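Q: I am new to this structure and would like to go through its side-chain contacts. Could we look at it together?

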Amino acid sequence: MTILIEQPADLVGEKEIISDTNELVLDGGFFMPKMESECGFEAPEINSYGHSFRDYDAESERQKSVEEFYRLQHISQTCEYVKRMREEYGKLDKIKMSIWECCELLNNVVDDSDPDLDEPQIEHLLQTAEAIRKDYPNEDWLHLTGLIHDLGKILLLPEFGELPQWAVVGDTFPLGCAFDESIVHHKLQYFEDNPDSKNPAYTTKNGIYQEGCGLENVVMSWGHDDYMYLVAKANRTTLPSAALFIIRYHSFYPLHKAGAYTQLMNEEDVENLKWLNIFNKYDLYSKSKVRVDVEKVKPYYLSLIEKYFPDKLRW
């Protein structure tokens, strides 16, 4: 099944505004600030802790744990490690379950790398999906992508090997080439203790890659992004390539925030990056302490799951 999607245009869609308040209400009962612009969702300036989003230097109760997370990640993510993880988890022999069953499992997961939120992950999934749904009502594949993009975080759970946080969450980056300065906490020089930093083949700008080789051929740090990409692809999802690109690279902030590593992209990557840049705003800025009415939105997302995925998936 081939799905054709139009290139991203300006944000579209009408907001449902409560006239005597300063909020808009999404279908799941999820409130978002009303902005002056009528062009769709706009990013708030502060997170639920009162700091700027992705401010890794802000003093907060999350700061020390987030910094320790990135120390371990930068030291431990190597080409050899990723190869072993992809071989092991690419077997997809852990369990068979539906997409929604996996969503419910995320009630048991909190992301230690996130300085903006410490709520169970299913809240973030629905907040992201509902925000996208309001602005892009006709792009149902993008709504579903919002729902499932973080499902790979189940790797933190015992039944999936209970991998350490540094091997599951956090920003991702290429291996097999130089670590770009745009990678979060690069200035703390944790990468100096990464074994790959001692391999001359991996320390140049392009490393083992050719310019324009395509991100599909680049070894990315292992985590929930790559795992969910493997799951979706192996289970023959009919989601478009842009959705798979979003799933695999939504944590690749050096690319879509700083513009690093673009020399490795091919033409398809360039087109898909347009959708990822749109998605990123909803992924990052829809985080909130306000709850979504799960039961109200569940029938809609179940219909999308049925459209794009088999009933049971191998994980």
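Q: How many salt bridges are there?
A: In this predicted model, the count comes to 13 salt bridges.

Q: What does R86 form a salt bridge with?
A: R86 pairs with D226, and their closest N and O atoms are 2.7 Å apart. Because R86 lies in helix 2 (residues 79-89) and D226 in helix 6 (residues 224-234), the pair ties together parts that are 140 residues apart in sequence.

Q: And is D226 buried or exposed?
A: D226 is buried, with a relative accessible area of 3%, whereas R86 is partly exposed at 29%.

Q: Which residues are linked with R86 and D226 in a network?
A: E216, K233 and R248 are linked with R86 and D226 in a network of salt bridges.

Q: What about E101, which residue is in a salt bridge with it?
A: That residue is K312, with the closest N and O atoms 3.1 Å apart. E101 is in helix 3 (residues 99-105), and K312 is in the loop between helix 10 (294-308) and strand 4 (313-314), so this pair links distant parts of the chain, 211 residues apart. E101 is partly exposed, with a relative accessible area of 33%, and K312 is partly exposed at 43%.

Q: Switching topic, how many disulfides are there?
A: A search of the whole structure finds zero disulfides. For C103, the nearest cysteine sulfur is that of C102, 6.3 Å away, while a disulfide requires the sulfur atoms to be within 2.5 Å.

Q: Then where does C103 sit, buried or exposed?
A: C103 is buried, with a relative accessible area of 1%.

Definitions and conventions
Residues are numbered from 1 along each chain as its sequence is written. This is a predicted model: local features need pLDDT of at least 70, side-chain atom pairs count only at pLDDT 80 or more; totals for chains, interfaces and linings use all residues. Side-chain values use heavy atoms; hydrogens and water are left out. Buried means under 20% relative accessible area, exposed over 50%, partly exposed in between (1.4 Å probe, protein chains only). A salt bridge is a side-chain nitrogen of Lys or Arg within 4 Å of a carboxyl oxygen of Asp or Glu. Helices (H or I, at least four residues) and strands (E, at least two) are DSSP runs, numbered from the N terminus.
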